[in-house]
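Please walk through this fold with me, one region at a time. Keep the sequence and the 3D view side by side.

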Amino acid sequence: LRLLTWAALSRGARGVTYGEWGASATDAPRNLAGRDGTITDRARAAGALARVIGRNPALFAPLRPRPARIAIAYDPRLTAPASRALADIYRLFFERNTAVDFIHLDDIAAGMAVRYTLVFADSPSTLPAPVANALRAFAAAGGTLIDSSKRASSDPLIVQAASRAGVSPDVRIEGATGPVETRFLESADVLMLIGLNHADTPQRVKMTFTPDTQEAIWQNMETGSAVNFVAGPEGPTYTYSFQPRDALVL
């Protein structure tokens, strides 16, 4: 529950609803009580999360995810194999801790592609005219357009194309043997980092931030403890040991 909640908030969710707080027959041993009104483990976890946010409403309210620079065009007409190919592209960048948005063809036709540096989409010849025209305008303005329907090139070539387009992760993660990611939320006054270990095993990772990231003392939002990044030649670093399915909020 804690991991999934912070994952949702890291992607811009403005609210979370928890269902099934009471224990069922299958999970009763893991909870403090059944449906008799006493507090269960899940209710305690939900309450703890709510208190973290409730103590800091002025801080959390204006926060928004740092915009992704890569987008994948979502076409509702896609067949299952084509949809899997798009999921593979998403996974490729997820493994490199690079945020990617899925955007609907209607949003591309409305001009949303200009928000991104790199867009994966089918060949304009196969797309509705308003979408094709918007993508051609995006490319003419300097954006990088990659035909996702002809993804015959290897993953390294796709990563190289993103690098040439100037896309790089905000945080480089080293040491993870499972899916670990970070997301930044920001407002005019606050920068928040949410780290997520989606693996069922512990992960000790070294996070290297871009040189412009502040090295000042950060605060763990859940424990209140101070956290210091370490200055490094490529930018500040921070080493952290995640528990299984764990979250870190600074």
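A residue counts as buried when its relative accessible area is under 20%. By that cut-off Phe229 is buried, and Tyr238 is buried too. The model is a predicted one.

Stay with these rings. Phe229 and Tyr238 form a tilted aromatic pair. Their centres lie 5.5 Å apart, with 35° between the planes. The structure holds nine aromatic pairs. Another of them joins Phe209 and Phe229, and this pair is stacked. Here the distance is 4.6 Å centre to centre, and the planes are 10° apart.

Step back to the wider group. Ring pairs link Phe184, Phe209, Trp218, Phe229, Tyr238, Tyr240 and Phe242 into a cluster.

Now go to the start of the chain. Helix α1 covers residues 2–10, and helix α2 covers residues 41–54. Their axes come within 10 Å and cross at roughly 35°. The crossing is right-handed. Which residues make the contact? From α1 come Arg2, Thr5, Trp6 and Leu9. From α2 come Leu49, Val52 and Ile53. By class, the contact has five nonpolar residues, one polar and one charged.

Helix α1 has other cover as well. Its buried residues are Leu3, Thr5, Trp6, Ala7, Leu9 and Ser10. The elements covering them include α2, α3 (57–60) and β1 (64–65). Strands β7 (180–186), β8 (191–197) and β13 (246–249) are also among them. After the helix comes Gly12, with a positive phi near 100°.

Last, turn to the largest nonpolar core. This core has 16 residues. Those touching the most other members are Ile103, Leu105, Ile108, Tyr116, Val119, Val131 and Leu135. Four elements each supply at least two residues: β2 (70–74), α5 (105–109), β4 (118–121) and α6 (129–140). Which of them gives the largest share? Helix α6 does, with four residues. Look closely at Val131. Leaving out residues up to four places away in sequence, Val131 touches Leu105, Ile108 and Ala109.

Conventions
Residues are numbered from 1 along each chain as its sequence is written. This is a predicted model: local features need pLDDT of at least 70, side-chain atom pairs count only at pLDDT 80 or more; totals for chains, interfaces and linings use all residues. Side-chain values use heavy atoms; hydrogens and water are left out. Axes are lines fitted to C-alpha atoms, for helices over the stretch in contact, and angles run from 0 to 180 degrees between N-to-C directions. A crossing is left-handed if the near helix is turned anticlockwise from the far one by less than a right angle, and right-handed if clockwise. Contact means heavy atoms within 4.5 Å. Ala, Val, Leu, Ile, Met, Phe, Trp, Tyr, Cys and Pro count as nonpolar, Asp, Glu, Lys and Arg as charged, and the others, Gly among them, as polar. Buried means under 20% relative accessible area, exposed over 50%, partly exposed in between (1.4 Å probe, protein chains only). A nonpolar core is a set of buried Ala, Val, Leu, Ile, Met, Phe, Trp, Tyr and Cys residues joined through side-chain atoms within 4.5 Å. Rings of Phe, Tyr and Trp (its six-membered ring) pair if their centres lie within 6.5 Å; planes under 30 degrees apart count as stacked, over 60 as edge-to-face and the rest as tilted.
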